[in-house]
Amino acid sequence: MIHCIRSALLALLFVTLLQWVCSDFQTLAHLRAKASEKTQSRAVVDLLRRLLGNRSRDFIVSVNRTLSNDTLDVCELRSAKNNKILAVGSTGVAVATGIYNYLKYFCNCHVSWSGDQLNIPRPLPALTGVLRINTPHRFRYYQNVCTQSYSSVWWDWPRWQREIDWMALNGINLPLAFTGQEVIWQEVYLSLGLNQTELDHFFTGPAFLAWNRMGNLFQWGGPLPPSWHVKQLYLQFKILDRMRSFGMIPVLPAFSGIVPEGITRLFPQANVTKLNPWSHFNCTYSCAYVLDPRDPLFQRIGSLFLTQVIKEFGTDHIYNTDTFNEMAPASSDPTYLASLSRAVFNTMTSVDPQAIWLMQGWLFISDPSFWKPDQVKALLHGVPLGRMIVLDLFAESMPVYSSTNSFYGQPFIWCMLHNFGGNSGLFGTVESINSGPFDAIRFPNSTLVGLGLTPEGIEQNPVIYELMSELAWRKEPVNLSKWVSLYALRRYGSMNENLTVAWQLLFHSVYNCTLPQYKNHNRSPLVHRPSLHMQTDIWYEPADFYKAWKLLFQAAPALVTLETFRYDLVDVTRQALQLLTTEFYKDIRNAFQAQRLPDLLTAGGVLVYDLLPELDHLLSSNEHFLLGVWLEQAQAQGVDEHEAQLYDINARNQITLWGPDGEILDYASKEWGGLVEDYYLQRWGLFVNTLVECLDRGRPFKQDIFNQAVFQVEKGFVYNQRKYPSKPLGDTYEIALRIFLKYYPYALKRLK
C-alpha cells in the first residue's frame with residue numbers, strides 16, 4: 001500500500017514538474033533580464049544624463065524585480081523631496097519608459113530620430129499619488145533583419161548608443177542583435193576547410209548583408225575586408241552589453257541551412273540543393289546552396305556556429321533564423337516541412353537546451369500559394385508549442401494570425417512593418433495600428449505575447465513609431481485626434497491651434513491609409529525610372545494635405561529655431577513637391593500623347609529646371625536629408641582609400657540600382673539633398689529631352705532604348721566618386737517659404 005502511495009506521489013510530482021517546465025516555456029518566463037538591479041538602475045541614470053544633462057539629477061531611479069509578479073513590466077512614479085521624481089520599475093526598460101511617459105505627458109517633452117524637444121519645466125511638475133505605467137505585453141520587439149542594411153549598416157557606437165537609448169525610452173525589451181556575425185561564420189567555415197576565396201565569393205558587401213544572411217544574395221558588393229569583421233565584432237560587444245544593461249533580451253542569429261558553394265567541394269556527399277535565383281538576379285549573385293536540415297552536416301555546422309556565438313556574445317536563449325525568405329522549399333509535403341523545422345530547432349537545443357526560435361512570418365505573406373494551412377501548420381508544429389515565437393511581420397495590413405488560428409498555437413508578436421526599403425515619404429495606417437493589437441488580444445484562443453516594430457528602414461515618420469510604441473503600454477485604443485494634438489504640443493513645446501489642426505489633417509489623410517493590403521513602397525514617379533506608364537494613384541485626399549501644409553507655414557515664424565519643426569517643415573514640403581511632381585508628370589505624358597510640344601516644354605521645363613532643383617535645395621538645408629551624411633558614414637568605415645571606395649559604392653548602389661544592372665531598381669529610394677540633383681533630376685531631364693526629340697522628329701518613344709540610355713546615368717552616379725556636403729546649406733525657412741509661395745497656388749488650382 002505504502003509503495004503504491006509513494007509511486008502515485010512520484011507520478012504526481014513528475015506530472016507537476018513536467019507541467020511547471022512546460023508552463024515555464026509556454027509563458028516564456030525564462031526569457032528575462034539578466035543584469036542585476038543595480039546595473040539596470042545605473043544604465044537608466046546614465047541614459048538620463050546623456051539625454052537631460054544636469055536635469056537628470058531631478059530623477060531618482062530604482063529597479064525592483066518584485067514590482068512585477070507576472071513577468072509584465074511596470075513602473076511606478078511619485079513625487080519625492082526637493083521637487084524630485086522617484087521612478088521604480090521592474091526592469092531598466094520599464095523605468096526608462098515610465099520616465100519618458102512622465103516627460104511626455106507632464107513636461108510636454110519629446111525624443112525622436114529627427115530631433116528632441118526637451119524644454120523641461122523647473123521645478124518638475126508634481127505628481128499626486130502614484131503614476132503607474134504598465135504593459136499587458138510580455139515582449140516589445142524591435143527591428144527587421146533588413147533594418148540592419150537599410151539603416152544601421154554604417155553606424156558607429158555613438159549612433160548605436162543613441163538608438164538603444166531610444167529603444168529603452170520607448171519600451172523595447174526584445175531587440176534584434178545581428179551585428180558582427182560574419183566574423184563567426186568565417187571562423188566556422190575556415191575551421192571546416194573552406195578557403196578565403198570561397199568565403200569572399202560567399203559574403204556580400206556590407207550594404208547587402210541582410211540578404212546574404214537570408215540566403216538571397218552572394219558576393220555582390222564584396223568582398224568583406226578583414227577590418228570590417230574586427231570593427232563589427234567589437235561594435236557588437238558594446239551593443240549587447242548596453243542592451244543587457246537595460247534589462248533587454250537581445251535576439252542572436254542561428255543557422256538556417258544556407259552554405260557557401262565550397263561546402264559541396266569539401267562534403268560531396270552532403271544533401272545540398274541549389275535554389276532558383278532570387279528576385280531579378282541571376283545565379284552570378286544568387287541561387288543559394290541549401291543544406292538539408294536532416295543531413296548530419298546541418299547539425300554539425302549549426303552547432304559549431306551557435307556554440308561560437310554563445311562563446312563570444314553570451315546568450316539570452318532566443319535566436320532568429322529564417323529558412324525560406326522569399327524562396328520556396330524543395331517540397332510542399334507537410335511531413336517534409338515539419339522535419340525541416342524540427343531539425344533546425346534541434347540544432348539550437350543541442351547547444352542551448354533552453355533555446356527559443358524567433359521566426360519572421362514574412363514567408364507566409366510573400367508566397368501564400370505555397371504556404372497553405374497544411375504547410376504552415378506543419379512548419380510551425382515541427383517545433384514544440386511554446387518554443388517558437390512567430391513575428392506576424394506585417395500585421396497592420398496583412399495579419400497572418402487571424403487565418404492560422406493564432407499560428408496554430410505558437411506564440412506570436414503583432415508587428416507593424418510600415419516601411420519598405422527605408423523609403424522617404426509620409427505614410428501611416430493609424431486606424432489599423434490603433435485597433436489591430438487589441439483585436440489580436442481578443443482573438444479566440446489568442447497566443448499573442450507582444451507587439452513589435454519591424455520596419456525595413458527607420459529614421460522616417462517618427463510620429464507613427466511613437467504611437468505604435470505607446471500602444472504597447474495601453475489597455476485600449478487611443479483617441480487619435482486627441483493623441484496627435486498632444487503629440488504636436490510635445491514635439492514643438494507649445495500649443496498652437498494651427499499646428500493642432502495641421503496634425504489632425506495629416507492623421508486624417510496621409511497618415512491614414514485604409515487600402516487593403518497596401519505596401520508602403522514610395523510609388524511616386526519622382527523616385528522611379530521615368531516611363532509613359534507610371535503609377536500616379538495615392539491613398540489620401542490631397543486637399544487635406546495641402547491645408548496642413550499651409551497651416552504649418554502659418555505657425556512657422558515662431559518655431560523655425562526648433563530642430564523638430566524644421567524637420568517637419570522640410571518633410572511636409574518635400575511631400576507636397578512629390579505630389580506636384582506627379583501632376584507635372586501627368587501633364588508631360590498627356591502633352592506627349594496628344595503631340596502638344598509647347599505644353600510638353602512647359603511642364604517638362606518647370607519640373608526639370610525649377611521644381612526638382614528647388615526640392616534639392618530644400619533637402620540640402622537640413623542635416624536629416626543629406627546624401628553626404630550616408631556616404632560619409634560609409635566611407636568612415638574604411639581603414640584605407642580602397643575600403644572607403646568599396647563602401648561608397650555599396651552605399652550608392654543600394655539606394656539606386658540595387659544590384660549591378662538595376663535588379664531591384666529604386667526599391668530603397670531616398671529623397672535626399674544631392675541625390676535629387678545628381679540622380680533623379682538627371683533621369684527626368686533625359687526623359688523630357690527624349691520626348692521632345694521624339695515629337696520633333698515624329699518618332700515613337702521606345703522605352704527599351706531609353707532604359708539603355710538612362711542606365712548609363714544611373715550607373716554613372718554610383719561610380720562618380722563626387723563628394724557631397726554632409727552639413728546643411730542654406731536657410732530652411734527661406735527656401736521652404738519660397739517654394740510654398742510659388743507652388744501652393746498651383747497645388748490649389750490642380751484640385752479644381
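Contact here means heavy atoms within 4.5 Å. The structure is a predicted model, in which local features need pLDDT of at least 70, side-chain atom pairs count only at pLDDT 80 or more, and totals for chains, interfaces and linings use all residues. Residues are numbered from 1 along each chain as its sequence is written, and side-chain values use heavy atoms, with hydrogens and water left out.

Not counting residues up to four places away in sequence, Tyr189 touches Leu194, Leu199, Phe202, Phe255, Ile258, Val259, Pro260, Ile263 and Ile301. Tyr189 and Trp414 have the most contacts inside the largest nonpolar core, which has 265 residues. Such a core is a set of buried Ala, Val, Leu, Ile, Met, Phe, Trp, Tyr and Cys residues joined through side-chain atoms within 4.5 Å. Helix 21 (residues 563-593) supplies the largest share of this core, 14 residues; helices are DSSP runs of H or I, at least four residues, numbered from the N terminus.

The structure holds 1 disulfide, a disulfide being a pair of cysteine sulfur atoms within 2.5 Å. Cys283 and Cys287 are joined with an S to S distance of 1.8 Å, and their link is left-handed, with -70 degrees about the S-S bond.

Buried means under 20% relative accessible area, exposed over 50%, and partly exposed in between (1.4 Å probe, protein chains only).

| Residue | Relative accessibility | Class |
|---|---|---|
| Cys283 | 38% | partly exposed |
| Cys287 | 2% | buried |
| Cys75 | 0% | buried |
| Cys107 | 3% | buried |

How values were computed. Helices (H or I, at least four residues) and strands (E, at least two) are DSSP runs, numbered from the N terminus.
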